[in-house]
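Here's a quick briefing to read alongside the model. Have a look at the overall fold before you get to the ligand.

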Amino acid sequence: SQNRLIIKNGKVVNDDGMEDLDVYIEDGIIKQVGRNLIIPGGTRTIDATGKLVMPGGIDPHTHFELEMNGAKAADDFYKGTRAAVAGGTTTVIDFVLPQKNQSLLEAYANWRDKADNKVCCDYGLHVGVTWWSPSVKKEMQKLVTEQYGVNSFKMFMAYKDLWQLDDYDLYCAMETCAELKALPQVHAENGDIIARNTEKLLAAGVTGPEGHELSRNEEVEGEAVNRACVIANQAKSPLYIVHMMSKSAVRMLQLARTRQRTPLFGETLAATVGTDGSHQRNACFRHAAAHVLSPPLRPDPATPQAMCEALADDYIQVIGSDNCTFHEKDKEIGKNNFSKIPNGVNGVEDRMAILWQKAVNTGIMDPCRFVAVTSSNAAKIFNIWPQKGRVAVNSDADIVVWDPRLERTISAATHKHAVDFNIFEGQHVVGSPQYVIVSGRVCLDDGELRVVEGFGRFLKTPVGSPLVYGEGQERAAPEPELLHLDIQHKVSNGSPSPDFG
Ligand code: DUC
Ligand code: ZN
Ligand code: ZN
Ligand code: ZN
C-alpha cells in the first residue's frame, strides 16, 4: 500500500480520555493505536511530540453557496471545505433548503450536484422542511433510506414567508421525524414577533444594522426554544436546537430538560463564543452588517463566556459554525433596511481555534470536552460514530495534530475563506492545527495546505442513532409533585398521575 502513515509520540485525545499513543494509518483507516507498533517499512512518520492527536472536527452546520436576499454565499463547497480542513475540521454537514413547494428530493439532488465534485473532505446533508404537505412526508420517508442517507430535518420557526412553519406544521414534521427515528432540528426564533418588530423599527426610522438585534432580542429566541421543546414533547420526539445564541435560550432548554422525557440537544456557534453583539452597532455599515446573522449576536457582554460554560457543563452538546459568508458588497443589499442584509458569518475555519482559545486556554473545559463538543458528540447525534469523531482502530483516519503552542492572529488577509471579511479579525489565538489528515491523506502538512478538490465523499447518516433513540435515552419521568397541572388533576378525579409522555 502507498498510503501509510504513523503519527508518533503524541497524546491521543478522545472524548473519554487521553493517553500517549502512536497511531498507524493505512488506506484511509486507523489500523493500529498503541505503543511500539510493528509497521511496514516505507511508512511516513509524523512526529507529534508535545502535540495532541485528536479526531478531526465535525462542523454540523454550514451553508455553502446558500442564496439569500438576492445574494449567494461566497464560500462554495470547495473554498468552504478547504477552509474547514485548514482549521482542523474534516467533516461538515450542510443544509439543503428547498423553496416553498419545491420537491425535497429535487433540492437534495441539486445540492449533491453542487457539492460532490468540490468537497475536500467528507460531508453529509440535513434537509430543510420549509413547507408541509402529505407529499413532504412521503419525501422524508424516502430521504431517510440508505439511498439518500439523511437522518436530520431542519424546521424554521422564523423567516416568515420564506422558510417558516406554523406550529401545526412543525408538530406534524416532528411527529414524522419521530416515526422515522430521524432527528428534528429547529431554528428557534419567533418569526411573527420579528416581522412585527421589523415593521415598527423601520417605521420609526431605525433602518441600520443595529435594528437587527432589536427586532429579535433574547426573549424572542427563548420563547421559541421553549415552544419547540413543548411541541417535541407532544410529538414524543427528540429535538436538536441549532445555533443557540443567548443565555435565555440555554435557560429555556435547561428548564425543558427538567420537565420532559425526550432527549434535547443544543448547538451553539463559534461566532457566539468568539465575538459579541457590540459589532452590530459599529459606525461602519460594512463592519456592522458583516456581523449580522440569525439569531443575532447578543449585546449582553457575558454571553460568550456563558456559552463556553454551557458547553463545558453539557447544557449544550455541540459547537458548529453556521458558516454562511457574504461579501461586504452583498451585505450592502441591506444598506437602507437591516431586514434585507443577507444573514450569516464565517466560522468553519476558525471554530476550533476560537473555542480552544476561549474555553481551553481559560480553563473552562479540558481537551476531552473540547473533542466532545467539536467532534464526538456530533458524530454520535448524527449517527456516524465511531466511524467519525474518534481516534480508534477501524475509525476513518480523519485526524488533527493540534499544536497547543502554535500562535497566530486571525485575519481576512490570511484566511482560506472566499469571503472578504472575518468576524474574528485581529484575534490572537494560541493553539491551532499543525497537521490535518483527511481519510489518511495529509491535507495540512506542517502548516501547508494541500487539499484536493473533490477528494471528499458524501457521508450517509443512518437514522436511529443510539444516542437519540437508543435504550435508556428517554429521560426519567418528571416528578409529578412539581407539576401544578398534576395536582389539579389529582384533586379533580383522584386518578394517578396523567401521562405527560
Ligand atoms: N441564519 C443565518 O444567519 N444564515 C443562514 C440561515 C440562518 O438561519
Ligand atoms: Zn437557522
Ligand atoms: Zn469597518
Ligand atoms: Zn444555519
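Buried residues make up 54% of the 501 residues in the protein, where buried means 20 or more other C-beta atoms, placed from the backbone, within 10 Å of a residue's own. Bear in mind that this is a predicted model: local features need pLDDT of at least 70, side-chain atom pairs count only at pLDDT 80 or more, and totals for chains, interfaces and linings use all residues. Residues are numbered from 1 along each chain as its sequence is written, while chains are lettered from A and ligands numbered from 1 in the order in which they are written.

**Overall fold**
- The protein has 16 helices and 21 strands, taken as DSSP runs (helices H or I, at least four residues; strands E, at least two) numbered from the N terminus.
- Its radius of gyration, over C-alpha atoms, is 22 Å, close to the 23 Å from the globule rule for 501 residues, so the protein is as compact as a globular protein of that length. That rule is 2.2 Å times the number of residues to the power 0.38.
- The C-alpha trace spans about 75 × 60 × 45 Å along its principal axes.

**K154**
- An unreviewed UniProt entry annotates K154 as "modified residue: N6-carboxylysine"; such annotations may be inferred rather than shown by experiment.
- K154 sits in strand β13 (residues 152-156) and counts as buried because it has 22 C-beta neighbours inside 10 Å.
- Leaving aside neighbours within four places in sequence, K154 is in contact with F95, H126, G128, Q185, H187 and V242 (contact: C-beta atoms, placed from the backbone, within 7 Å).

Key:
A residue is buried if 20 or more other C-beta atoms lie within 10 Å of its own, exposed if 12 or fewer, and partly exposed in between; C-beta atoms are placed from the backbone. Two residues are in contact if their C-beta atoms, placed from the backbone, lie within 7 Å.
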